[in-house]
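The sequence and the model are shown first.

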Amino acid sequence: MSLTGKARLAGVIGWPVGHSRSPRLHGFWLERYAIDGAYLPLPVDPEDFEIAVKGLAAAGFRGVNVTVPHKEAALRICDKVDPFAAKVGAVNTLVFGDDGISGSNTDAFGFLENLRNSAAGYRPDAGPVLVVGAGGAGRGIVAALLNDGVADVRITNRTENRAEQVAEELSRRFDGKIEVVSWDRRVDALEDVTLLVNTTSQGMHGQPALDLKLDGLPAGALVNDIVYTPLETPLLAAARQRGNQTVDGLGMLLHQARPGFSAWFGINPEVTEDLRATMLEP
Ligand code: ATR
């Protein structure tokens, strides 16, 4: 596609950035909506982060996504930060405007929109939720759930003190109860949950399945995996086979991109089946 001199520019800053699926995702929407614009992969060494962001803003970029390892540095560079991103301590979307750099964290939006769009039954006040994993993704999802009004979030992690740390930190910043469940007792914590979320890498292509027996999971509980390669992880397959409603992880990636696209390119883009198919191509 050719660009005019008025083309709108955005991109993703990461180090490395070659694995990022965001250029394909935003590229799909730019073409779909016939927008005069481009979204570029921008490899930036951590020590050049500030100079790169300020340079892009000075060069007329509309903004950028920020991925690993820059999400904390991105928070510090902002003139304005949305309250959720400030509480989570990480920013993944920057918008360059007349009033400076505004930062937000759209991972929670993506996670919750995926649930709302894929599972009509998701309600934050339905009951306890079990989150498996306490890495960066797990931490963000616990924050998203508390921010959405879930009153009782359980977190279990192979390395228990990581779960303790997340619980300690987030309980100071959000309402709602966070309970750490020890890894040996994780099956017991399923007994009355309404939602189970895997935030670990287990179940991904090349990794073993998540080691979690679902026998005690209530029939009405929803099961979500943030892994999307494969789309149906062993956890989701086991849940589906016993009749639980399941939500795959691809939608989180797609929905988290919507606020940035809308701010930079002026259209609130849709998550459609053909977009999902494009993202799953090798
Ligand atoms: P991310 O930022 O993507 O969440 P991460 O910080 O590396 O990545 O976290 C990976 C998560 O997968 C962690 O919860 C990790 O558990 P540990 O804190 O005990 O490492 C979890 N994980 C990785 N391998 C695992 C395994 N074999 N069994 C159970 N959990 C595992």
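## Packing of α6 and α7

Angles under 35 degrees count as roughly parallel, over 145 as roughly antiparallel, 65 to 115 as roughly perpendicular and the rest as oblique. The axes of helix α6 (residues 136-147) and helix α7 (residues 160-173) come within 11 Å and cross at roughly 30°; α6 and α7 are therefore roughly parallel to each other. Helices here are DSSP runs (H or I, at least four residues), and strands are runs of E of at least two, numbered from the N terminus.

From α6, the contact (heavy atoms within 4.5 Å) involves Arg139, Val142, Ala143 and Leu146, and from α7 Val166, Glu169, Leu170 and Arg173. Five of the residues in the contact of α6 with α7 are nonpolar, none is polar and three are charged.

## Basis of the model

The model is predicted: local features need pLDDT of at least 70, side-chain atom pairs count only at pLDDT 80 or more, and totals for chains, interfaces and linings use all residues. Residues are numbered from 1 along each chain as its sequence is written, and side-chain values use heavy atoms, leaving out hydrogens and water.

Helix α8 (residues 234-241) has Leu235, Leu236, Ala237 and Ala239 as its buried residues, buried meaning under 20% relative accessible area (1.4 Å probe, protein chains only). Their cover includes β10 (195-198), β11 (222-225) and β12 (245-247). After α8 comes Gly243, with a positive phi near 95°.

## Thr200

Thr200 lies in the loop between β10 and β11 and is buried, its relative accessible area being 18%. Leaving aside residues up to four places away in sequence, Thr200 touches Val132, Gly133, Leu210 and Val227.

Notes. Buried means under 20% relative accessible area, exposed over 50%, partly exposed in between (1.4 Å probe, protein chains only). Axes are lines fitted to C-alpha atoms, for helices over the stretch in contact, and angles run from 0 to 180 degrees between N-to-C directions. Ala, Val, Leu, Ile, Met, Phe, Trp, Tyr, Cys and Pro count as nonpolar, Asp, Glu, Lys and Arg as charged, and the others, Gly among them, as polar.
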